[in-house]
Amino acid sequence: MKKIALFGGTGGLGSQLKSFLDKEYSVIAIGSKDADVTNHESVRQFFDNNDIDIVINLSGYNYDSFIHKYSDKNVDQIKKQIDINIVGTINIVSCCVAKMREKK
């Protein structure tokens with residue numbers, strides 16, 4: 001049975017997808033408490049400790065504000081959104097590529 005790493009698997013969409021995928025795959029649902037996608041080392045450790053066949057990234061953070069409303073008061077929320085949505089994706093992809101190279 002193939003093993004799927006489902007980043008964001010403990011959220012709303014992720015938990016729904018997990019229950020669907022569980023029928024044919026072994027799914028590891030990864031939430032922010034399991035691996036911090038904004039931290040490259042945390043993601044790398046996850047891949048070092050798990051043999052994964054398929055990776056799905058549903059991790060994300062939405063801070064719903066128009067760009068003209070950005071200010072010093074909400075800059076932390078905007079940085080968090082960028083860190084999770086962009087840096088997190090880069091960390092997951094780079095760790096996947098590194099793991100693929102190791103297997104060759």
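Strand β1 is largely enclosed by the rest of the structure, because four of its five residues are buried. The model is predicted. It holds three helices and three strands. Along the sequence they follow the pattern β-α-β-α-β-α.

**Overall build**

- The protein has 104 residues, and buried residues make up 28% of them.
- Its C-alpha atoms fill a box of roughly 50 × 30 × 20 Å, taken along the principal axes.
- Take the contacts between residues at least 6 apart in sequence: 62% of these join residues at least 24 apart.

**The sheet**

- Three strands form an open sheet in the order β2-β1-β3, and the pairing is parallel.
- Strands β2 and β3 (54-57) are the edge strands, as each pairs on one side only.
- On average, neighbouring strands of this sheet are turned by 20° against each other, direction ignored.
- Strands of a sheet pair through backbone hydrogen bonds, either parallel or antiparallel.
- Strand β1 (residues 3-7) runs parallel to β3, and four bridges join the two.
- Leucine 6 has isoleucine 56, in β3, as its bridge partner.
- Strand β1 also runs parallel to β2, here with five bridges.
- Lysine 3 stands opposite serine 26, a residue of β2.

**Helices on the sheet**

- Five bridges link β1 with β2, and four link β1 with β3.
- Helix α1 (residues 12-21) packs on this sheet and touches β1, β2 and β3.
- The direction of α1 makes about 170° with that of β1.
- Helix α2 packs on the sheet as well, touching β1, β2 and β3.
- For α2, the angle with the direction of β1 is about 165°.

**The nonpolar core**

- In soluble globular proteins, nonpolar side chains tend to be buried together.
- The largest nonpolar core here has 13 residues.
- Phe7, Phe46 and Phe47 have the most contacts inside this core.
- Strand β1 and helices α2 and α3 each supply at least two residues of the core.
- Helix α3 gives the most, with four residues.
- Phenylalanine 47 touches Phe7, Ile52, Val55, Ile92, Cys95, Cys96 and Lys99, not counting residues up to four places away in sequence.

**The cysteines**

- A disulfide is a covalent bond between the sulfur atoms of two cysteines.
- The count of disulfides in this model comes to zero.
- For cysteine 95, the closest cysteine sulfur is that of cysteine 96, at 7.3 Å. A disulfide needs the two sulfur atoms within 2.5 Å, so this pair is too far apart for a bond.
- Cysteine 96 is in no disulfide either, as its nearest cysteine sulfur, that of cysteine 95, lies 7.3 Å away.
- Cysteine 95 is buried, with a relative accessible area of 5%.
- Cysteine 96 has a relative accessible area of 17%. Buried means under 20%, so cysteine 96 counts as buried too.
- Both Cys95 and Cys96 are among the residues that phenylalanine 47 touches.

**Asparagine 91**

- Asparagine 91 lies in helix α3 (residues 75-103).
- Its relative accessible area is 8%, so asparagine 91 is buried.
- The side chain of asparagine 91 reaches the backbone oxygen of threonine 38 at 3.5 Å.
- Asparagine 91 touches Val37, Thr38, Asn39, His40 and Val43, leaving aside residues up to four places away in sequence.

**Asparagine 39**

- Asparagine 39 sits in the loop between β2 (26-30) and α2 (40-49).
- At 34% relative accessibility, asparagine 39 counts as partly exposed. Partly exposed covers the range between the buried limit of 20% and the exposed limit of 50%, which is why asparagine 39 falls there.
- A polar atom of the side chain of asparagine 39 lies 2.8 Å from the backbone nitrogen of serine 42.
- Asparagine 39 and glycine 88 are 49 residues apart along the chain, and their C-alpha atoms are separated by 7.5 Å.
- Asparagine 39 is also one of the residues that asparagine 91 touches.

Note on methods
Residues are numbered from 1 along each chain as its sequence is written. This is a predicted model: local features need pLDDT of at least 70, side-chain atom pairs count only at pLDDT 80 or more; totals for chains, interfaces and linings use all residues. Side-chain values use heavy atoms; hydrogens and water are left out. Buried means under 20% relative accessible area, exposed over 50%, partly exposed in between (1.4 Å probe, protein chains only). A polar contact is a pair of N or O atoms within 3.5 Å; within protein, one must be able to donate a hydrogen and the other to accept it, and residues adjacent in sequence count only if both atoms are side-chain atoms. Contact means heavy atoms within 4.5 Å. Two strands pair if DSSP finds at least two bridges between them. Axes are lines fitted to C-alpha atoms, for helices over the stretch in contact, and angles run from 0 to 180 degrees between N-to-C directions. A nonpolar core is a set of buried Ala, Val, Leu, Ile, Met, Phe, Trp, Tyr and Cys residues joined through side-chain atoms within 4.5 Å.
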